[in-house]
Amino acid sequence: MLLMPKRDWQWGYNETYGVLTVSLGRDMEFLSPYKLKSLIPDAKITTEFSVEHAKFYITLVDCLSRTLSLNDALIVQIALNATAAHFLLKPQMPKSWFFEASHECVYSDIGKVFQLRTCEHSVSAMVIESGLQASLMMILSPECRLTDSKKLAQFETIKVMHNRLAPLTVERQINVA
């Protein structure tokens, strides 16, 4: 069952785990993967899950439900993490050099899923912020190895130029754990 925002939802910071959270009512707390160093200063203060946040979340839930074959719990997890990243992460500079250029021109839009290709493999990533030349992407694959010593975990974000976004092929299955 898909969770829909309610008036009592709010953002918070869990000191025990050191991550941003969403309180989904009295007995449920969603832990995001986002640590304090990557968050804007306001993220440490308990704030409401606003109408703007709810609209963004619902748009993503709808988009993910229509485009990917995932269970409801995973759709909610992706949408909550993407909403957190969109509104509460510090701005990033593009780091496109980790990825190969795509030979196809694509249209970047929030909620759209693309492939990012390194010299060794490709990963699935979703647009959570789209600009004129670059988009903030959230990694959907279990891991994205950038170099021998640097990797991104699932749900981490990276900003890349649009010429690095490759269309998601029909036969490619999104492997989201």
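This is a predicted model: local features need pLDDT of at least 70, side-chain atom pairs count only at pLDDT 80 or more; totals for chains, interfaces and linings use all residues.

Residues are numbered from 1 along each chain as its sequence is written, and side-chain values use heavy atoms, leaving out hydrogens and water.

**Salt bridges**
- With a salt bridge taken as a side-chain nitrogen of Lys or Arg within 4 Å of a carboxyl oxygen of Asp or Glu, the count comes to four.
- K44 pairs with E15, their closest N and O atoms being 3.3 Å apart.
- This pair links distant parts of the chain, 29 residues apart.
- E15 is exposed at 56% relative accessible area, while K44 is partly exposed at 39%; here buried means under 20%, exposed over 50% and partly exposed in between (1.4 Å probe, protein chains only).
- R66 forms a salt bridge with D62, with 3.2 Å between the closest N and O atoms.
- E143 and R145 meet in a salt bridge of 3.5 Å, N to O, and shared partners join E143, R145 and K151 into one network.

**A buried residue**
- S96 is buried, at 7% relative accessibility.
- Leaving aside residues up to four places away in sequence, S96 touches K159, V160, M161 and R164 (contact means heavy atoms within 4.5 Å).

**An exposed lysine**
- K37 has a relative accessible area of 74% and is exposed.

Methods:
Helices (H or I, at least four residues) and strands (E, at least two) are DSSP runs, numbered from the N terminus.
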